[in-house]
Amino acid sequence: MTDSPGWLNEGMRHIWLPYSQMKHADPPLPVVATEGTRIHLADGRVLIDGIASWWTACHGYNHPHLRAALEAQAARMPHVMFGGLSHEPALTLASRLAKLLPGDLERVFFAESGSVAVEVAMKMAIQYWLNKGERGRSKILSFTGGYHGDTIATMAVCDPEEGMHSLFTGLLPEHFVQPLPRDAESLAALESFLDRHAGQIAAILVEPLVQGAGGMVFHDASTLRSLRDLTDRYGLLLIFDEIFTGFGRTGHMFACQAAGVVPDIITLSKALTGGTLPLSATIARARVFDAFWSDDPMAALMHGPTYMGNALACAVANASLDLFDSHPRMEQVAAINTWLKAGLEPCRGLPGVLDVRTLGAIGVVQMDRIGDLRSLKRLLVAEGVWIRPFRDILYLTPAFTATEEDVMRLTGAITRVLERGHP
């Protein structure tokens, strides 16, 4: 860490970093400022951000409208407990989300993180059946390749063979994980499974159109329509985890709109505040909420994060929705898709490349393997870009404000590194 800032040298003796074997991990790059699609490092280097801070900064960094909303709300009231109190930013945001979403997805429960939003959705689904007098429906059905969070409850509905969570086998609650129905054969297999187990299942949980952290694996809208049909036929709830796909990433404001499917519960986070503050939402249809509307206090949803409905976060989320209203974000996503396709096409056919695919503002280069992720990340930084490959993919999820030059520099960096021979 020669020539590193003092705060980095001192702090690294105390910090615990995410997803890192810290005995061997490279020190994190010290960031001193962000602007638009740029990350400014302490040593003066400037990187183009190709992943929008884990898919959150959809409007780019430091957008003046988001900053103004944050400053104005901080001057009035940064936070007040949501138990017994309320405030305008949260209620306005709930109303706006309900109007944006399809169908009667109209009851909004706020939390701070995507993992918690999924936990709340699972809890809602299971208690829905308990409140209706059915006590055997305690399982969630999710899919291989899926990822829904890192908490104990959400790890239990991720792919059980996925290396990040397999260590905890035995600790995790047991749910049902099945292959995603992508064709007639896998759909028939899922139907057969439901014939045997539907009475134990509260809900089916799926990432619509893209399984994100499971490897940026795409499926088409017909899969979602099949799942809606199955849940209706077997009397189950359908949960869409749109924490990654929500707010335009796939080319639609919400992925469910691409399929014309209304889930019973939807989870949102990531880009909800434009990458500014932690916030998530679990939103239920009227019939789900109605099962909790009762004279029995035990029928209430007993959940309430301390920072639920945080006023600062809700104010910024409202400002983010303003930008979707006032700027052609979906047209920008379509343009980014065109640039990603053109820029990543030269990777097709390079040694070790199995596939190149895009959807909305998502571009993926699928490798047969990546032997040395640390070296690959260093090579990309040397190209002046911030891209975080994982498992066997390099991917891009830039801000919707990225220019053609930005995208071509990102795709060019990937192409040049792979042409030289990936680690």
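Residues are classed here as nonpolar (Ala, Val, Leu, Ile, Met, Phe, Trp, Tyr, Cys and Pro), charged (Asp, Glu, Lys and Arg) or polar (the others, Gly among them). The structure is a predicted model, in which local features need pLDDT of at least 70 and side-chain atom pairs count only at pLDDT 80 or more, while totals for chains, interfaces and linings use all residues. Residues are numbered from 1 along each chain as its sequence is written, and side-chain values use heavy atoms, with hydrogens and water left out.

By these classes, 15 nonpolar, two polar and one charged residues form the lining of the second largest pocket.

Helices are DSSP runs of H or I of at least four residues and strands are runs of E of at least two, numbered from the N terminus. Just after α13, G384 adopts a positive phi of about 85°.

Positive phi values also occur in residues other than glycine, at N62 (near 60°) and at M216 (near 50°). N62 lies in the loop between α2 (52-55) and α3 (64-76) and is partly exposed, with a relative accessible area of 44%. M216 lies in the loop between β8 (210-211) and β9 (217-218) and is buried, with a relative accessible area of 0%.

Terms used. Buried means under 20% relative accessible area, exposed over 50%, partly exposed in between (1.4 Å probe, protein chains only).
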